[in-house]
Each structure stands twice: as structure tokens, then as C-alpha cells.
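Please look over the structure shown below before reading the briefing that follows.

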Amino acid sequence: MPENFEAKVEQQIERLKRASCQEIEKEVAQKRMDWVTQNHPMDGKTAHISPRQAFEALFFDYMGLPANELPVLSETETEIVWHSLNPCPTLEATRRLDLDTRQVCRAAYEKSTQAFLSQLDPQLRFLRSYEEIRPYSKHCLERIMRVDFAAMMKLAIEEARASRLEGNKGYGAVVLLGHEILGKAHDTAATEKDPSLHAEVNAIRQAVQALGDSNLSGTILFSTCEPCPMCSSLAVWANLTSIVYGVSIEETVQMGKSRIQVRAKEIVGQSPVMIEVIGDVLREECRALYS
């Protein structure tokens, strides 16, 4: 056990007493993003970082943990899976405070870990099992995987084209968790005569039903067009981790589409949750849908 472990536990107990999980999440995320900026400068460009490189940057360089406390179970070019066995101040602090690590770690440390990875390469994704997590298991089962943003956007584009064929407005969306597609849909507002049935709404509803949980933390919403304020707000209430879109609201307005000119980042920025917003993925292909 590290000499300063008890001090870290006491510090974590005080943090959990004084702050909400959302406050801790934002504080930790900022600290981690700042570290990446200082130690892994990208010169304004996103580098192609492997899951192994991200794993080592997070646990060895940033956290200073020894490799024997993080035995790797499997590894490919697109994914690394390991058990976390390291002495954990949060684990001990939650035990003493009679808190549930499944709730605390998901609410405070899942998105803040993703923020670290996204600074390296936003296509890298962090996933933790909440069935295999200490103290309910002897280890924490975790992984980093690479998601192909372009491939997912192509699925959303297919949905947009299907929308047009049905007589709708031509928007498509996909909700992804790891490599599992939880929702894939297009807008049906015109054919079902319900103005709320945007592509993102339909895809998020499918995802909620697939998981049996209204909390979609860990998921990515892909949309051919930047989500409107209604859909961005739904992403907030569903606690998505990321919104990835093709063409912006501003551009579609310039092409004569009827849009509410409030950007997704503005909605998220005024919300109580942390969601990253990434635009311009297959921008030209998505733009062609509305030109």
C-alpha cells in the first residue's frame, strides 16, 4: 500500500462530502484535460493514438500506477481490456461513507476519464463494467476501444436517405455504446404527424428501451445534422456522453432549411451535465443531403 494512501482516502472522503458527483466530474475532467494539453500537445491536430498508447498515458504517465496492478486481458489494434486491481482511494472512501461505487464511479469518473481520452483522440472510448466493479467483484473490468466515427455516420446517412424515401425531411441518427448500436432511426414527424419525432428522438428512445435505463452515460449520438434545441436537450436529460454530427445548424439555415438557431454546444453549456459536441464528421456527405 502506498505510504500516502490514507491521506488520499481522507482527501477523497472530504471531496465526496463537500461536492456533488457532477461537481467532482467537472473538476477532475478539467484537471485531466489540462494535463494532456501540457504533456501531449497536438499542435492543433488530432493524432491517431492507439488504445494501448492511451492506456499507458492515463495509468502509467498520468496516474503513476504500476503495470502489475492493471493486468491486460486482451488487446487488438482497436481495443485493450484490463482488470484494475490498484489500491483505490475512491473505493475505500465510498466504503467508509457507505456509498455505492457503481453510482459514484459512473457519475463522477466515467465522463472525466473519457475527457482525458478525447483530448488524445475523440474516437477512443472508455467503458467500465458496472457488474464487474469493486467491491462487488475482486476487480474492475475496464476497456478502451476505438470507434469509427465515419462508419457510424454512414449508417446515419443511410437512415436519412430512407427518411426521404418515406416522405420525411431526411435526417438520420445512431446511438452507440462501445461497438453496440442501441438505436438507429430517422425522422418520422411528417409520416406519423408528430412534430417531436426527430431522428435523434427516435434513436434515443430505441437506446433507452434496449438498455432498460434512461441514463445513457457512455453512449455517443451520431446525427447527420447538428441536433436542434429539443434534441440537444433530450441528449442532456438522457445523459449522453457525446454528440457527433455532420453538418451544422448554421449551414443548413444557409441552405434554406427551417431551423432554430441555437447551437448544440450552447444547450449543453447551459445544462447541468457534461457532454462533448463534435462536428464536421463526413460534413460534405451530410451537407449533400440538404443541398
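D98 sits in the loop between α4 and α5, where the names of helices (H or I, at least four residues) and strands (E, at least two) refer to DSSP runs numbered from the N terminus. The model is a predicted one, in which local features need pLDDT of at least 70 and side-chain atom pairs count only at pLDDT 80 or more, while totals for chains, interfaces and linings use all residues. Residues are numbered from 1 along each chain as its sequence is written, and side-chain values use heavy atoms, with hydrogens and water left out.

**Single residues**

- D98 counts as exposed because its relative accessibility is 71%, given that buried means under 20% relative accessible area, exposed over 50%, and partly exposed in between (1.4 Å probe, protein chains only).
- The phi angle of D98 is near 60 degrees, which is a positive value in a residue other than glycine.
- N239, which is found in the loop between α9 (229-237) and β8, also has a phi near 60 degrees, again a positive value in a residue other than glycine.
- Q38 belongs to helix α2, and it counts as exposed because its relative accessibility is 64%.
- Although Q38 and I13 are 25 residues apart in sequence, their C-alpha atoms are 29 Å apart in space.
- P135 is found in the loop between β3 and β4, and the peptide bond that joins R134 and P135 is cis, with an omega of about 5 degrees.

**The sheet of four strands**

- An open sheet is formed by 4 strands in the order β1-β2-β4-β3, with antiparallel pairing, where two strands pair if DSSP finds at least two bridges between them.
- Its edge strands are β1 (72-75) and β3, each of which pairs on one side only.
- Neighbouring strands of this sheet are turned by 15 degrees against each other on average, direction ignored; the axes here are lines fitted to C-alpha atoms, for helices over the stretch in contact, and angles run from 0 to 180 degrees between N-to-C directions.
- Strand β1 and strand β2 (residues 79-84) pair in the antiparallel sense over 3 bridges, and in β2 the bridge partner of S74 is V81.
- Helix α3 packs on the sheet and touches β1, β2, β3 and β4, with a direction that makes about 30 degrees with that of β2; contact means heavy atoms within 4.5 Å.
- Helix α5 lies across β3 and β4, and runs at about 160 degrees to β3.

**The sheet of five strands**

- Another open sheet has 5 strands in the order β6-β5-β7-β8-β9, and its pairing is mixed.
- The edge strands are β6 (180-186) and β9 (276-278), and each pairs on one side only.
- From one strand to the next, the twist averages 15 degrees.
- Strand β5 (residues 172-177) pairs with strand β7 (residues 220-225) in the antiparallel sense over 4 bridges, and the bridge partner of V175 in β7 is L221.
- Helix α6 (residues 149-166) lies across β5, β6, β7, β8 (242-247) and β9, and it runs at about 50 degrees to β7.

**Pocket and cavity**

- Rolling a probe the size of a water molecule over the atoms shows where empty space is left.
- On a 1 Å grid over the protein atoms alone, a cavity is a set of points where a 1.4 Å probe fits but cannot get out, and a pocket is an open set with protein on both sides within 12 Å along at least five of seven lines; lining residues have an atom within 4 Å of a point.
- The largest pocket has a volume of about 1,100 Å³, a volume being the space filled by probe spheres set on the grid points, which are joined across faces, edges and corners.
- Of the 37 residues that line the largest pocket, R32, M63, C88, P89 and T90 are the closest to its centre.
- Helix α1 gives the most to the lining of the largest pocket, with 6 residues.
- The lining of the largest pocket has 18 nonpolar, 9 polar and 10 charged residues, where Ala, Val, Leu, Ile, Met, Phe, Trp, Tyr, Cys and Pro count as nonpolar, Asp, Glu, Lys and Arg as charged, and the others, Gly among them, as polar.
- The largest cavity has a volume of about 40 Å³, and its lining is made up of E110, Q114, R125, F126, G218 and T241.
- The elements that give two or more residues to the lining of the largest cavity are α5 and β3.
- By class, the lining of the largest cavity divides into 1 nonpolar, 3 polar and 2 charged residues.
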